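Here is a short briefing to read alongside the model. Keep the viewer open and follow along as you go.

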Amino acid sequence: AGGGSSGAGGPDDGELRPSHSQAEVANKVRASFNAPAQWMILAGMVLAACAGIVNVAMLLECGAVVSHVTGHATALGLRMEGLRIHHFAGGNMTEVYDHTESTLTSDSLNGHMSAMQEAGDVLVFFIFGAFLCGLIIPKNALFFGGKSFYGIALLGNSVLLLAAVLAVAARNEALAEAFTACASGLQNAMCTMHLGAVVRTTHVTGTSTDIGSTLGRITMIMLRRGCRRRRLTHVEQAEVEVDFTKLKILSAILGSFIFGCFLGAFSYSHIGMYTLCVSASLTGFMGILYTCFRSNLKRALKKAMVQKLAEEMHEVRDMMQHAKTVAAEKSAGVDVSVSSNGDDGDDDEEFGHMLSILHDLQEQVHDFVETASQHSRSTALSDRPNPVHVQVV
């Protein structure tokens, strides 16, 4: 009975059937989000796990967190107040214990100086690692197969982690913290994916924030429609679809970081500080793979994209043929609502799915055009003859 009422045109029929303007707006919503390729997501997950391994290993070995610097920036401000208290006490301007008892009063002047230097070193070397990344990778978005030195950046990350292992073996924890902070800054600046906001792989504060806000948007849209998906307008369906895609990617990054922390703790309980070698091996392998087999991987990826493009084009042709058949039946006077058993909602879902596929096709064609244009520019630069200066008298 429900299907019949839907086919006959119930009160929600205007929402179920998207107008031309609604379809355009929904298509713009989908076009506003370019989902990263699967290899980008996989690379981000692996590197997030590597960051978790490094962070746990350094926390257990040196008591320091190196994959992000929020705590170190906080420590700088905190220790500055500790230095002020002890300096004023040294000048007989005040007494240390006139202040509320805390780390500020219990630590000595030298203790505050040492902690401040440690926090400053980690902060500076993290920034220096990001600086190195900016020198070798000029763009803030991943592009597979390009001439940017992603392989060198990954190999540099691996070398820094191995240097940290040597520093720990030499009982120089400060140097180990500097090397791992530099490696984290390098990785964090290198592995960026555009999802409206930039997602980093060495810390998950922003990722967790985006997960919460995305869940909030989805929940509000669903509550407005009584938690019934069929009541969503076509634009709302597009918004929920985009947010769900973002949510899956963000959750994958967060889950990978947590799994890396578990893996790092498990490894540290067996091999100690050599746990850093696990992360160094992963990033080193990725760097060698990219550097030595970039052309082969690029061709394989392009072949897979062409195959997927052909499959989606075939699916769109089938959908358009189905729509053409339905339109012909309507023009011939056939009662389509009865023959389709009142499945207007299914037709709307099929229409939305077709728009989604068309959006994917648009993204893939854009990627092909960008790849071809970059290849043509590089070819033109390599084939450009030396300039000949002709003096006209």
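What follows covers the nonpolar core, one of its helices, the cysteines and the salt bridges. Please keep in mind that this is a predicted model.

**Nonpolar core**
- The largest nonpolar core has 33 residues, and Val54, Met58, Ile137, Ala176, Met190 and Leu276 touch the most other members.
- Helices α4 (38-62), α7 (109-136), α8 (150-169), α9 (173-190) and α12 (275-331) each supply at least two residues of this core.
- Helix α8 gives the largest share, nine residues.

**Helix α8**
- With 20 residues at 1.5 Å a residue, α8 should span 28 Å, and this agrees with the 29 Å between its end C-alpha atoms.
- Arg171, which follows α8, has a positive phi near 60°.

**Cysteines**
- Zero disulfides turn up in a search of the whole structure.
- Cys50 is buried, because its relative accessibility of 1% is under 20%.
- Cys277 is partly exposed, with a relative accessible area of 24%.

**Salt bridges**
- There are five salt bridges in the structure.
- Asp107 pairs with Arg79, with 2.7 Å between the closest N and O atoms. This pair links distant parts of the chain, as Asp107 sits in the loop between α6 (103-106) and α7, and Arg79 lies in helix α5 (residues 70-90), 28 residues apart.
- Arg79 is buried at 14% relative accessibility, whereas Asp107 is partly exposed at 24%.
- Glu81 and Arg84 form a salt bridge at 2.8 Å, N to O. They are three residues apart in helix α5, so about one helical turn separates them.
- Arg224, Arg225 and Glu236 are linked in a salt-bridge network, and Glu236 is buried at 7% relative accessibility.

Note on methods: Residues are numbered from 1 along each chain as its sequence is written. This is a predicted model: local features need pLDDT of at least 70, side-chain atom pairs count only at pLDDT 80 or more; totals for chains, interfaces and linings use all residues. Side-chain values use heavy atoms; hydrogens and water are left out. A nonpolar core is a set of buried Ala, Val, Leu, Ile, Met, Phe, Trp, Tyr and Cys residues joined through side-chain atoms within 4.5 Å. Buried means under 20% relative accessible area, exposed over 50%, partly exposed in between (1.4 Å probe, protein chains only). Helices (H or I, at least four residues) and strands (E, at least two) are DSSP runs, numbered from the N terminus. The expected span of a helix is 1.5 Å times one less than its number of residues. A disulfide is a pair of cysteine sulfur atoms within 2.5 Å. A salt bridge is a side-chain nitrogen of Lys or Arg within 4 Å of a carboxyl oxygen of Asp or Glu.
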